[in-house]
Each structure stands twice: as C-alpha cells, then as structure tokens.
Amino acid sequence: MNKLAIVLPIFVFVVVLGSNLLNMPHVSILTILLSIFWAAVVALVIFGLIRFLSWWMLH
C-alpha cells in the first residue's frame, strides 16, 4: 500500500498536468502555473485518500 501511495499520485499528477497543458486555449506563465497548481491539488487529494484508506484498513 505504501508503494501505491507514492506511485499513484505521481501518475495522476503527470496525467492531469499533461491534460491541462494540452488543452490550454493560450499559453502564458499564469496558465502554466495554474495547471501545475491544480494538478498538484488533485495529486494531494489522491494521496490523502490512499493514506486514509490504509489507516481505515488498519483500524
């Protein structure tokens, strides 16, 4: 479960970031930073859900 908690958020971050960058209507520093920010938020949510699930299973 620990390996999943590291690999899956990184995979989600890369996929969401790639999707955001490919679907940008125009390229600017702000849109790139927002794409990175929201991809990181999604990856942190996935990481938190996996940690919560592993905690839930142990207790």
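Let me begin with Trp56, which is exposed, with a relative accessible area of 56%, and please keep in mind throughout that what we are looking at is a predicted model. The cut-off for calling a residue exposed is over 50%, so Trp56 at 56% falls into that class.

What does Trp56 pair with? The structure holds four aromatic pairs, and in one of them the rings of Phe52 and Trp56 have their centres 5.6 Å apart, with their planes at 50 degrees, so that this pair is described as tilted. If you follow the chain between these two residues, you will find that they are four residues apart in helix α2, and that they are therefore separated by about one helical turn. Phe52 has a relative accessibility of 44%, and so it counts as partly exposed, whereas Trp56 is exposed.

Now, staying in helix α2, which covers residues 29–58, let us turn to Ser54. Is Ser54 buried or exposed? Its relative accessibility is 18%, and because the cut-off for buried is under 20%, Ser54 counts as buried. The side chain of Ser54 also makes a contact that you can look for on the screen, as it reaches the backbone oxygen of Arg51 at a distance of 2.8 Å.

Let us move to the other helix, α1, which runs over residues 2–22 and contains Phe11. With a relative accessibility of 54%, Phe11 counts as exposed, and together with Leu4, Leu8 and Val15 it forms a nonpolar patch on the surface, where the four residues have about 350 Å² of accessible area together.

Finally, I would like to step back to the chain as a whole, whose secondary structure comes to two helices and zero strands. How does its radius of gyration relate to that of a compact globule? A compact globule of 59 residues would have a radius of gyration near 10 Å, but this chain has 14 Å. Along its principal axes, the C-alpha trace spans about 50 × 15 × 10 Å, and, of the 59 residues of the chain, 19% count as buried. Ser54, with its 18% relative accessibility, is one of the residues that count as buried, while Phe11 in helix α1 and Trp56 in helix α2 are examples that I described as exposed, at 54% for Phe11 and 56% for Trp56.

Methods. Residues are numbered from 1 along each chain as its sequence is written. This is a predicted model: local features need pLDDT of at least 70, side-chain atom pairs count only at pLDDT 80 or more; totals for chains, interfaces and linings use all residues. Side-chain values use heavy atoms; hydrogens and water are left out. Buried means under 20% relative accessible area, exposed over 50%, partly exposed in between (1.4 Å probe, protein chains only). A polar contact is a pair of N or O atoms within 3.5 Å; within protein, one must be able to donate a hydrogen and the other to accept it, and residues adjacent in sequence count only if both atoms are side-chain atoms. Rings of Phe, Tyr and Trp (its six-membered ring) pair if their centres lie within 6.5 Å; planes under 30 degrees apart count as stacked, over 60 as edge-to-face and the rest as tilted. Patches are made of residues with over 30% relative accessible area and no salt bridge: like charges are joined within 9 Å, nonpolar side chains (Val, Leu, Ile, Met, Phe, Trp, Tyr) within 5 Å. Accessible areas come from the Shrake-Rupley method with a 1.4 Å probe; for residues, only the protein chains shown count as cover. A salt bridge is a side-chain nitrogen of Lys or Arg within 4 Å of a carboxyl oxygen of Asp or Glu. The radius of gyration is taken over C-alpha atoms; the globule rule is 2.2 Å times the number of residues to the power 0.38.
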